Amino acid sequence: MEKVTINASRSYDVLIGNGILDRAGELISAVLKAKRACIITDDNVDRFYGERTVSSLNAADISTEKFVFPHGEASKSHTTLLKIYDFLTEKGFTRSDFIVALGGGVVGDTAGFAAATYMRGIDFIQIPTTVVAQSDSSVGGKTAVDIPAGKNLVGAFHQPRLVICDTDTLNTLSPEFFSDGMAEVIKHGMIKSAELFDILSAKDIKENIVDIMRRNVTIKGQVVENDEREKGERMLLNFGHTLAHALEKYYNFSGLTHGCAVAIGMSMFTHIAEKRGMCKTGTADKLDALLTKCGLPLTDPAPIDELFRLSLGDKKHLSSGMNIVICSDIGSSEIAKMSVDEYEKFLKG
């Protein structure tokens with residue numbers, strides 16, 4: 001089992017290994033004294049891992065309740081959040097209890113935001129079960145729900161007490177869902193690590209998954225430690241996301257998955273940057289080759305005028321303009337500050 005320590009406003013460990021879900025109760029008990037937990041998960045994850053997690057916590061003398069909501073981005077909403085609050089109050093949960101987020105990014109973000117706000121904040125544990133959640137969203141304390149105006153516009157920074165990444169849970173993902181999560185893994189290589197990018201390009205990803213996840217969590221952790229509240233360096237983690245969120249909004253958060261949208265956003269921005277001399281020649285082709293290896297798309301027919309308009313509703317849009325993440329080379333990234341007019345010219349060419 002690998003361990004990466006995140007030294008944010010509150011330090012915590014990320015544990016990564018095969019078959020560690022059944023040790024969840026033991027691992028949590030080493031960190032928390034609390035003996036009552038609410039496991040929050042979705043219906044897909046619950047079928048595979050709900051009762052195993054309950055059994056593990058019960059074996060460690062942690063009593064549990066379980067709240068299950070429908071899978072999918074549509075559940076990452078205030079409607080679900082209010083149902084969680086009602087469940088917690090009905091079951092008598094207090095500040096001395098804790099939440100376990102068992103699932104992918106939607107579960108982690110929603111359950112984490114519930115933990116951040118219920119009784120002004122209670123402890124929570126992340127048990128991510130998807131590629132994107134293990135490599136990215138479970139680490140760093142960003143929690144949120146979506147509103148009609150856009151993704152993640154209402155949320156809070158709330159660090160977990162522990163993250164348990166059992167890479168065996170990735171074996172139950174469909175090939176398409178596994179591929180979808182790889183977009184965030186590729187993103188980490190693009191912005192911070194040519195070594196990770198080369199491993200992804202040259203090696204069998206599933207055979208090296210524990211090492212790959214460790215590298216991802218280390219990269220994410222270093223960025224979070226340097227900029228927990230996303231005022232500077234942490235913005236680099238948004239590479240590809242400005243267009244991705246616009247694409248998701250264009251398709252009303254259905255039909256185009258988050259990872260596919262991020263892949264398209266990374267490819268489009270890198271091709272534009274290379275064309276404008278902001279990126280080393282050949283970088284876009286290397287990126288496209290890895291995205292293709294991982295089964296991810298490179299382009300989308302959505303009108304660029306609409307994507308420009310929709311991207312102005314993203315969190316990267318400030319009163320002074322836009323913060324755009326550009327990779328000048330594999331493993332090297334920077335934040336380009338543009339006015340809205342400059343961003344429009346950049347995007348539309």
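1. In this note a residue is called buried under 20% relative accessible area, exposed over 50%, and partly exposed in between, with a 1.4 Å probe and protein chains only. By that rule K66 is partly exposed, its relative accessible area being 25%. The model is predicted, and local features need pLDDT of at least 70, side-chain atom pairs count only at pLDDT 80 or more, while totals for chains, interfaces and linings use all residues. Residues are numbered from 1 along each chain as its sequence is written, and side-chain values use heavy atoms, with hydrogens and water left out.

2. K66 forms a salt bridge with D46, with 2.7 Å between the closest N and O atoms; the term stands for a side-chain nitrogen of Lys or Arg within 4 Å of a carboxyl oxygen of Asp or Glu. This pair links distant parts of the chain, since D46 lies in helix 2 (residues 43-59) and K66 in strand 4 (residues 63-69), 20 residues apart. Helices (H or I, at least four residues) and strands (E, at least two) are DSSP runs, numbered from the N terminus.

3. The whole structure holds 22 salt bridges, and one of them joins the side chains of R23 and E26 at 3.0 Å, N to O. R23 is partly exposed at 32% relative accessible area, and E26 is also partly exposed, at 46%.

4. Which residue does K151 meet in a salt bridge? The partner is E73, at 2.9 Å, N to O. K151 lies in strand 8 and E73 in the loop between strand 4 and helix 3 (78-90), so the pair ties together parts that are 78 residues apart in sequence. K151 is buried, with a relative accessible area of 6%. Elsewhere, D136, E184, K187 and K220 are linked in a network of salt bridges.

5. Strand 8 (residues 150-157) pairs with strand 7 (residues 142-147) in the antiparallel sense over five bridges, where pairing requires that DSSP finds at least two bridges between the strands. The two strands form a hairpin with two residues between them, and I147 stands opposite G150 in strand 8.

6. Helix 12 (residues 304-311) and helix 13 (residues 340-348) pack at an angle of about 150°, with their axes 10 Å apart; axes are lines fitted to C-alpha atoms, for helices over the stretch in contact, and angles run from 0 to 180 degrees between N-to-C directions. In contact, meaning heavy atoms within 4.5 Å, I304, D305, F308 and S311 of helix 12 meet V340, Y343, E344, L347 and K348 of helix 13.
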